[in-house]
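These are my notebook entries on one chain. I set down what I looked up, entry by entry.

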Amino acid sequence: LTWDDGKAIRGQVPGIRLITPLIIGREQVKYRDRQHRPEALIGVNEDYQAVMNHTVDRGRFFSKIDLENRRKVIVVGAEIVKKLGLGGDPLGKEIYVGNYPATVIGIMEEKGQTFGQNLDDMAFIPFDSAVALFGRNAGDQVQLRLQAESTDQVDQVRDGVTRVLRTRHHLPAGQED
């Protein structure tokens, strides 16, 4: 799936409240003389927090304005703050994600482990920054996460998403999704 698929879904399927693309990769983060490779570096848009029910504890998440202006910002998990030695006031500090300089604008709420993955060892950057960092091909393999306006609309939204994706990917009737 691509983010263009996501934009088509958002534009053509009634009942969608929010939608975010996700590109998940791994890249080293650096601050001064410390380095760490988080479990995941995730490129998303401003809707991620609400869609995934994973919110910022301190500071803020990036906004649509941050995305439109291609601001070099990052939101990190508590484990990254510890591993990089960002101290008690990490907001506003500049770290490097690979060669990408980014200003820490938020610290995610602590979630701990789930399914063997440390949710506190993740960092979030704007979607377009992730495409630039991971390469153009990464933008052709995104996950799409969305939220319906209400639970009553989930089936309608699911059917609409299926219809749009089948049309966009030229799947004839009878061919498996």
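I began with charge: the chain carries 24 positive and 25 negative side chains, with Lys and Arg counted as positive, Asp and Glu as negative, and His and the chain ends not counted. The centres of the two sets lie 5 Å apart, each charge being placed at NZ of Lys, CZ of Arg, CG of Asp or CD of Glu.

I noted the basis of these values. This is a predicted model, in which local features need pLDDT of at least 70 and side-chain atom pairs count only at pLDDT 80 or more, while totals for chains, interfaces and linings use all residues. Residues are numbered from 1 along each chain as its sequence is written, and side-chain values use heavy atoms, with hydrogens and water left out.

I then looked up the overall fold. The chain has six helices and twelve strands; these are DSSP runs (helices H or I of at least four residues, strands E of at least two), numbered from the N terminus. The radius of gyration is 17 Å, close to the 16 Å of the globule rule for 177 residues, so the chain is as compact as a globular protein of that length. That radius is taken over C-alpha atoms, and the rule is 2.2 Å times the number of residues to the power 0.38. I found that buried residues make up 46% of the 177 residues (buried is under 20% relative accessible area, exposed over 50%, partly exposed in between, with a 1.4 Å probe and protein chains only).

Next I turned to helix H5, residues 127-134. Its buried residues are Phe 127, Ser 129, Ala 130 and Val 131. I recorded that they pack against H1, H3 and strands E1, E4, E8 and E11, a contact being heavy atoms within 4.5 Å. Just after H5, Gly 135 takes a positive phi of about 105°.

Is Arg 70 buried or exposed? Arg 70 counts as exposed because its relative accessibility is 57%. I located Arg 70 in the loop between helix H3 (64-68) and strand E6 (73-76). Its side chain makes a polar contact with that of Asp 128 at 3.3 Å (a pair of N or O atoms within 3.5 Å; within protein, one must be able to donate a hydrogen and the other to accept it, and residues adjacent in sequence count only if both atoms are side-chain atoms). The C-alpha atoms of Arg 70 and Phe 127 are separated by 9.7 Å.

Last, I checked Thr 2, in the segment before helix H1 (3-12). Its side chain reaches the backbone nitrogen of Asp 4 at 3.3 Å.
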